Amino acid sequence: MGELAEMLPSDTAAGASGEPDGERASAGAPPGENGPAGEESLESVRLGSLSLPARSLVAVAVGGLAVYLCWHLAMVFLFVAPSNTVREEHWGTVRGYMYPEFEQNWKLFAPNPLQRDTAVHVRAEIREGEGRSPVTTEWIDLTAWEVERIRHHPLPSHSNQNMLRRAWDFYDKSHNDEGEPIGMRGEVSASYLHRIALERLSDRLDVTTVERVQLRISHTRVPAPSWRQEDFDTDPSYQELGWWTVTSEDLPADARTRSRAAADTDQEARP
Amino acid sequence: MSVPPPRSAPDGGQRPENGGQRRENGGQRPEPTAAVAPRQPPGAPRQPPTVSQKPPAASPFDGLSAKFDSALLRGIGNITRRALGPYQTAIVRIGFAFTMLLYLVREWPNRGLLYGPDSPWGYDLASRFVDDTGAFTPLLWTDSALWFEFVYHLAILACVALLLGWRTRASSMVFMIGVLAVQNRSVFMGDGGDNVIHLMAMYLVLTRCGQVWSLDARRRARRAAAGVPATHDPAGVAIWAVLGAALLLSVVTGSLDSTVWTLFFGGMWLVHAFWWLVRRYAPGEPRIVAQMIGNLVHNAALLVIMVEVCVIYATAGWYKIQGSRWQDGTAVYYPLNLDYFNAWPELSEIIAGSGLLVLALSYGTVIVQVAFPFALLNRRVKNVLLFVMMGEHLGIAVLLGLPFFSLAMIAMDAVFLPTVFLLWAGDRTGRIARRVTAPLARLTGRGRDERGPEDQGGRSPAAEAPAPAWAERA
């Protein structure tokens with residue numbers, strides 16, 4: 001009886017107190033695809049009254065969709081699940097289905113949040129004019145520049161939040177412990193990271209004079225919370241990458257045109 | 001004994017047998033269909049109470065298969081007759097369109113650096129990378145700066161169209177193309193929020209997300225009132241003709257070289273052409289079947305969206321449980337102190353300065369995320385958790401400086417908002433909008449037309465929950 005009592009109010013509401021059918025079709029059905037005039041409403045259609053081919057078609061659609069739904073959800077589940085028996089055995093299938101468009105990663109700040117700041121520093125070797133010996137700049141902290149732009153901004157830009165940060169992640173993941181690039185990803189990640197550095201440098205100096213750049217990554221642990229007795233080293237540690245010889249592809253687009261124009265005038269000057 | 005069901009459900013009187021279903025609307029008459037055994041009246045095969053002895057305890061399995069059959073039929077009736085959760089899908093549509101629009105407009109000054117010719121992730125690098133992954137992005141069809149500007153601004157327009165629900169079927173498709181175009185052009189520019197938008201943009205294409213709160217709904221209502229047949233729609237035909245021509249062109253020129261995507265776009269185009277033809281020339285049973293299949297696809301996509309939300313929270317929560325920092329209750333302290341996520345140091349300091357607060361937030365986050373999928377079993381708990389979660393995302397938006405991520409997450413959570421709340425909110429929004437636009441309308445002399453699309457949705461309380469099933473109750 002409890003069940004009955006429970007359903008009473010909603011049933012009453014559902015019947016909208018015996019509204020006439022026509023009115024119900026216009027008010028009760030969502031105004032939309034179903035048409036407020038009930039023109040396209042299926043509310044009054046009974047499955048049983050459809051012809052056999054129609055019913056079969058609906059049945060096939062229900063079955064087919066159900067199967068595909070289960071497949072899709074199983075793939076999503078296996079993709080995000082930790083390594084397990086089924087996943088290991090069928091990883092090829094899962095990966096083939098999920099990459100590239102269904103790729104997802106929801107380990108948000110998990111299992112542990114990042115506990116160290118990673119900053120990218122750059123220094124450049126500049127040659128100003130033919131015959132002069134190259135000059136090396138000081139280390140410039142690129143990440144600090146990005147962080148400055150994020151701070152106190154209600155809508156920070158992805159170009160400050162993600163570009164350099166994720167480029168380093170990408171570089172780090174596609175290089176082995178010896179710092180050698182792994183395959184195509186290693187190569188493009190190296191170009192990408194150095195191009196970002198040059199892009200950011202172009203605000204400070206004329207990048208067309210830069211012959212080589214060098215990056216170093218500083219890692220600094222976030223100090224333990226004051227209320228905890230944990231003691232660890234919070235001094236930055238540095239990881240230097242090799243010198244990178246700058247080609248014209250590495251320069252930002254506007255600098256590239258400028259350097260090309262400069263080269264052209266050079267040519268004209270020296271026939 | 002029972003209130004007459006809304007329509008001529010012949011078995012209405014026996015409902016209690018089938019558990020407290022709310023509103024088994026409409027008579028999905030359990031006439032034997034091809035799939036179901038003809039064993040209907042579920043209450044019937046009970047022991048007739050003729051003998052006045054103490055009746056033997058009824059087996060809980062009595063009539064189970066009949067119950068199952070009728071439940072199955074009712075279920076199939078629910079998922080074929082209607083596109084469930086019209087308000088939920090609409091709010092998800094609006095949420096994601098708004099998030100993406102805000103994002104594209106905010107990044108407008110940086111667009112060239114992020115996705116265009118000025119990107120350090122140059123055309124050469126991106127092409128090499130995408131050749132390998134096979135991701136779909138029209139932005140790598142050519143390195144022309146003009147093409148980039150065209151695609152970027154088309155994506156903005158698609159966001160606006162989808163937000164307003166203008167030609168939702170077409171605009172959701174262009175929206176998806178826009179999202180994939182920019183995100184796959186520069187994969188390493190995104191974060192979790194972009195990932196959600198990416199997935200939802202694809203799922204939304206398959207939902208009827210313009211049933212309510214849309215210009216489409218308003219147009220449909222007006223045309224129906226004026227007696228214009230739905231198929232008399234030159235603008236719609238023109239839009240699909242243009243999209244078809246664009247598709248043809250991109251295939252013929254070899255720009256679109258992925259088989260899967262060609263089949264998908266071609267298939268979707270044909271489906272819409274077919275739908276138009278069916279309505280025009282075969283308005284009887286073929287139209288009903290086509291519409292049922294459309295509803296099925298919508299409902300399946302809606303279910304996928306819901307499961308995806310659960311997957312996201314479950315993954316985020318369960319992996320956190322394994323982390324020592326989430327266990328010792330200091331986890332929240334760290335992101336608040338990382339340079340990249342320390343957008344408002346003054347605020348972060350207040351929170352990170354209190355060990356108790358950090359502990360509560362850390363444990364609370366894990367508990368809420370892990371609990372969420374299970375909370376769906378109980379409407380009230382679900383709603384409480386939903387608002388806690390949305391609140392947390394608002395906090396993340398400010399404290400960690402991740403507004404777009406948070407907006408995307410909130411848009412995603414919105415799929416679980418209760419219909420009553422959505423109707424109320426829609427009604428309020430409509431009223432405020434009308435009050436704001438009323439002077440303008442009087443000026444332009446178009447007062448009568450100023451009934452916003454909200455009107456359509458909020459008009460009658462009976463519009464609540466056309467469907468009783470899981471999506472509605474959620």
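**Figure 1. Right-handed crossing of helix α3 of chain A and helix α11 of chain B in the predicted model**. In this predicted model, α3(A) passes α11(B) in a right-handed crossing.

**Figure 2. Packing of helix α11 against helix α15 within chain B**. Helix α15 of chain B covers residues 355–375 and packs with α11(B) at an angle of about 135°, the axes lying 8 Å apart. That angle makes α11(B) oblique to α15(B). The crossing of these two helices is left-handed.

**Figure 3. Residues at the contact of α11(B) with α15(B)**. From α11(B), the contact involves B:Cys310, B:Tyr313, B:Ala314, B:Ala316, B:Gly317, B:Trp318, B:Lys320 and B:Ile321. The residues contributed by α15(B) are B:Val366, B:Gln369, B:Val370, B:Phe372 and B:Pro373. By class, the contact of α11(B) with α15(B) divides into 10 nonpolar residues, two polar and one charged.

**Figure 4. Domains 1 and 2 of chain A**. According to the domain assignment, domain 1 of chain A runs over 47–113 and domain 2 over 116–269. The centres of these two domains, taken over C-alpha atoms, are separated by 41 Å.

Notes
Residues are numbered from 1 along each chain as its sequence is written. Chains are lettered from A and ligands numbered from 1 in the order in which they are written. This is a predicted model: local features need pLDDT of at least 70, side-chain atom pairs count only at pLDDT 80 or more; totals for chains, interfaces and linings use all residues. A crossing is left-handed if the near helix is turned anticlockwise from the far one by less than a right angle, and right-handed if clockwise. Helices (H or I, at least four residues) and strands (E, at least two) are DSSP runs, numbered from the N terminus. Domain bounds come from an automatic or database domain assignment. Axes are lines fitted to C-alpha atoms, for helices over the stretch in contact, and angles run from 0 to 180 degrees between N-to-C directions. Angles under 35 degrees count as roughly parallel, over 145 as roughly antiparallel, 65 to 115 as roughly perpendicular and the rest as oblique. Two residues are in contact if their C-beta atoms, placed from the backbone, lie within 7 Å. Ala, Val, Leu, Ile, Met, Phe, Trp, Tyr, Cys and Pro count as nonpolar, Asp, Glu, Lys and Arg as charged, and the others, Gly among them, as polar.
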